[in-house]
Amino acid sequence: MTACPDRIMLLHALLDDELDAVNAAVCEAHLRNCAGCTAELDRLRAVRTTLEDPALRYTAPASLHASIDAALPANDDPVRPPSRFAWASAGAGMAAAAALLLTVALPHPQANDGDVAQQLVSGHVRSLLANHLVDVVTSDQHVVKPWFNGRIDFSPATPDLKAQGFPLVGGRLDYIAGRVVPAIVYHRRLHTINLFAWPAGTASPTATAAPDGYHLRHWQRDGLDYWAVSDVGEGDLAAFEQAFNAAR
């Protein structure tokens with residue numbers, strides 16, 4: 001009996017107390033009905049208990065410390081404290097770096113389509129690099145959709161497209177073009193698709209070139225603009241759009 005493949009990471013996070021209240025409740029509810037995941041969690045707990053055994057720790061002997069100290073070259077030069085000029089230069093450099101970071105990181109309201117495309121790609125990459133892909137981890141669309149209630153003032157579609165090859169992973173909040181927006185996360189084999197949504201504008205969707213080698217798809221449905229961002233091929237992203245709009 002094996003654990004559900006899409007729950008493995010969730011079990012590790014639960015064991016390490018890294019889940020928020022929503023995800024912990026979802027995981028615990030799943031464990032009550034899944035013997036495979038329960039057995040896997042018990043196995044992980046046993047492994048952690050074994051690794052915490054003090055007998056497994058190696059303490060270096062004093063002779064090793066002495067030989068390392070003897071091998072290090074002597075340094076008789078006194079350590080000089082940094083000068084006032086050095087401290088001032090360092091402070092100026094840090095201030096300049098902080099200003100540059102704010103300029104790059106903060107999105108600008110009322111951005112045009114090109115700016116929005118760059119912000120969407122940045123949000124996609126940021127979610128992967130910062131290990132903040134989802135705020136609510138679940139493949140259940142009936143958990144993701146209610147999670148957004150009260151956090152945004154509209155309700156995006158959150159269909160599970162596992163049968164079409166795009167399993168639902170979860171959702172999170174992001175910040176694009178001056179407003180908080182939902183990001184609904186899907187997988188395509190080993191790739192991630194971030195689907196952003198917000199109330200539709202007056203202009204019809206247009207093809208937008210994606211920077212840095214990523215692909216974008218933009219469409220409208222039920223009064224909302226949807227933007228899909230991923231490094232999957234254009235054909236896969238087009239198939240995702242078709243599957244998403246066919247699901248009701």
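Biologist: Which residue in β4 is the bridge partner of Arg188?

Modeller: It is His191, in β4. This is a predicted model, in which local features need pLDDT of at least 70, side-chain atom pairs count only at pLDDT 80 or more, and totals for chains, interfaces and linings use all residues.

Biologist: How many bridges join strand β3 to strand β4?

Modeller: Strands pair if DSSP finds at least two bridges between them. Strands (E, at least two residues) and helices (H or I, at least four) are DSSP runs, numbered from the N terminus. Here, six bridges join β3 (residues 179-188) to β4 (residues 191-199), and the two run antiparallel.

Biologist: In what order do the six strands form the open sheet?

Modeller: Read across it, the order is β1-β2-β3-β4-β6-β5, with antiparallel pairing. β1 (136-137) and β5 (215-221) have a single partner strand each, so one side of each lacks a neighbour in the sheet.

Biologist: Which strands does helix α7 lie across?

Modeller: Contact means heavy atoms within 4.5 Å. Axes are lines fitted to C-alpha atoms, for helices over the stretch in contact, with angles from 0 to 180 degrees between N-to-C directions. Helix α7 (residues 141-148) lies across β1, β2 (168-176) and β3, and runs at about 20° to β2.

Biologist: Now the side chains. How many salt bridges does the structure hold?

Modeller: A salt bridge puts a side-chain nitrogen of Lys or Arg within 4 Å of a carboxyl oxygen of Asp or Glu. The structure holds 10. One of them links Asp174 and Arg126, at 2.9 Å from N to O. Because Asp174 is in strand β2 and Arg126 in helix α6 (residues 113-129), this pair ties together parts 48 residues apart in sequence.

Biologist: Is Asp174 buried or exposed?

Modeller: Buried means under 20% relative accessible area, exposed over 50%, and partly exposed in between (1.4 Å probe, protein chains only). Asp174, at 10%, counts as buried, whereas Arg126 is partly exposed at 40%. Asp174 also forms a salt bridge with Arg172, at 3.1 Å between the closest N and O atoms, and both of these residues are buried.

Biologist: Which residue forms a salt bridge with Arg189?

Modeller: Asp236 does, with the closest N and O atoms 3.0 Å apart. Arg189 sits in the loop between β3 and β4 and Asp236 in helix α8 (residues 234-246), so the pair ties together parts 47 residues apart in sequence. Arg189 is exposed at 59%, while Asp236 counts as buried at 19%.

Key:
Residues are numbered from 1 along each chain as its sequence is written. Side-chain values use heavy atoms; hydrogens and water are left out.
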